[in-house]
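Subject: Structure handover

Hi,

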Amino acid sequence: MSDIGTRTPATPSAPVSVHDLDLPVVPLDARDGTRDETAEIYHSLSAESWIARSQIGFSILHYDDVTAILRDKRWHNAVAKLPELRGITDPAFIDRPPSILAAEGDLHVRLRRLVAKAFSPREADRLRPFMRDVVHDLVDDVAAAGRADVAVDICEPYPIPIICELLGAPREDWQLFSRWAEDVLRIFNGTALDELDVIKQAQLELNDYVREMIARRRSDPREDLITQLIAAEEEGDRLSTEELVSMVNAVIVGGTDTTRNQLGCAVGVFCDHPEQWALLAERPELAPQAVEEVMRYFGAVRGTGRFASEDIVYRDILFPAGTFVFPSLASANFDADVVADEGGVNTFDITREPVKGRTQMTFGSGIHYCLGASLARAELQEALPILARRMPDLAVDGEIEWKPQTVAIFGAEQLPVTFTPSVPRS
Ligand code: HEM
């Protein structure tokens, strides 16, 4: 495997700038395809180099480099530059305090420390019975027909009640949250500039709602995330109201589209592997392994972005301050080092034992590692075995329609399936 492309001559001691390297180029449609198409592109790029030139920066392709860059605090989250990258100049998007995803340094450490307990595996476990009820209710609506659009009927609605239950928002407001989540998330799409008014309106409504909720919980504490975040305190430090609002935003932005699309990617993969679906139905205790394998094999978040906060030399290459890199989580997951067996990275196997120190990368790595990973794992671990048991003989009915390249989080738009009908629960 060659290392990097041809270098233009440089002085012997000075590291060569990444901009002067002759590198393979990531095709424009690298993210716009099914799992196998994406794998093929990244396998061939990775075989040539650990780094490739992309539209506005450089894609990082190998597992070790992806983790090294995500763990190096000099690389800052590109989400902070998102308005700039999208050509957005509206102060409503630029002058607000950074969300946890965009925060760095001491501010990020402080925010993470204050909220860590509220996102522990124990807190996620508390919601498992609720998650099971939500999935069963969704399957009940389609069980008798033996036919469903899994993306629309199951994946799309699934995370909203859970986020609402987590936050302490009542059932009658689920639809509101669903709309706000959808609209606020448009900021990550390539089409954000055309949709600023919709995004801004949703953001205002959501923030007002959350501020009201915070005021109510201050006088009437409950057993929910908002109450926990209000109470969160470390050495006399607390989250301000605006930080609380920003955190709730981060939970809605981070915790809805990700989970629903990951569930869709999972079901799409299982449709191609009916024997694994039957195995999961028969052995629900495999759910934790199945979730890790699905996220390795076909993660809904295929990559993230970082920019150099200062001049950085990595692997003897200079990345001048401001350079954008895009650690490809999908490509890292396709790295042969991530699996131990002969079957290799393109075998989907829910009984696969994880390789120590080589966890799947779809939750990221380093300081911005997904705050909601325990919750997301619980959601998927509860949903998949129920679906496998109640939707036996699952098969794609027609064609899966995958999302376009402009979306930040990949998944199925439409996933029509048939399965053996059953009687809904009474
Ligand atoms: C399968 C579902 C999910 C996937 C694949 C996922 C993926 C990710 C990834 C890759 C990151 C890191 C981004 C980066 O480094 O630039 C991240 C961060 C984050 N996620 Fe998730 N996520 C999921 C579910 C959730 C849920 C359910 C929540 C909340 C309840 C959540 C909240 C967050 C937050 C707040 C961050 C920012 C953390 C920080 O910057 O310190 N995520 N997620």
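My notes on domains, sheets, helix packing and the ligand site follow.

First, the ground rules. This is a predicted model, where local features need pLDDT of at least 70, side-chain atom pairs count only at pLDDT 80 or more, and totals for chains, interfaces and linings use all residues. Residues are numbered from 1 along each chain as its sequence is written.

Domains

The domain assignment gives domain 1 (1-96 + 302-361) and domain 2 (99-283 + 367-426). Such bounds come from an automatic or database domain assignment. The centres of domain 1 and domain 2, taken over C-alpha atoms, are 26 Å apart. Domain 1 puts 19 residues into the contact, and domain 2 puts in 19 residues. Contact here means that the C-beta atoms of two residues, placed from the backbone, lie within 7 Å. On the domain 1 side, β4 (75-77) and α3 (82-86) are the elements that give two or more residues. Element names follow DSSP runs numbered from the N terminus: helices are H or I with at least four residues, strands are E with at least two. By class, that side of domain 1 has seven nonpolar, four polar and eight charged residues. For the classes, Ala, Val, Leu, Ile, Met, Phe, Trp, Tyr, Cys and Pro count as nonpolar, Asp, Glu, Lys and Arg as charged, and the others, Gly among them, as polar.

Five-stranded sheet

This open sheet runs in the order β2-β3-β11-β8-β4, with mixed pairing. Two strands pair if DSSP finds at least two bridges between them. β2 (51-53) and β4 are at the edges with a single partner strand each, so one side of each has no neighbour in the sheet. From one strand to the next, the twist averages 35°.

β3 and β11 pair in the parallel sense, over three bridges. Ser59 stands opposite Phe326 in β11. β8 (residues 306-308) and β11 (residues 324-327) run antiparallel and are joined by two bridges. Phe307 has Phe324 of β11 as its bridge partner. Arg306 stands opposite Val325 in β11.

Helix α2 (residues 63-71) lies across β3 (58-60), β4, β8 and β11, at about 125° to β11. Axes are lines fitted to C-alpha atoms, for helices over the stretch in contact, and angles run from 0 to 180 degrees between N-to-C directions.

Three-stranded sheet

The order in this open sheet is β5-β15-β12, with antiparallel pairing. β5 (147-149) and β12 (395-396) are the edge strands; each has a single partner strand, so one side of each is left without a neighbour in the sheet. Three bridges join β5 to β15 (residues 416-418). Arg147 has Thr418 as its bridge partner in β15.

Helix packing

α15 (residues 274-282) packs on α18 at an angle of about 105°, and the axes are 8 Å apart. That makes α15 roughly perpendicular to α18 (65 to 115 degrees; under 35 is roughly parallel, over 145 roughly antiparallel, the rest oblique). Trp277, Leu280 and Ala281 of α15 meet Leu384, Pro385, Ala388 and Arg389 of α18. The contact has six nonpolar, no polar and one charged residues.

Ligand site

Which residues come nearest to the ligand? Of the 23 around it, these are Gly254, Gly255, Gly364, Cys370 and Gly372. α13 (241-255), α14 (257-272) and α18 (373-390) are the elements that give two or more residues to the shell. α13 gives the most, with four residues. The shell has 11 nonpolar, 11 polar and one charged residues. A residue counts as near a molecule or strand if its C-beta atom, placed from the backbone, lies within 6 Å of it.

Best wishes
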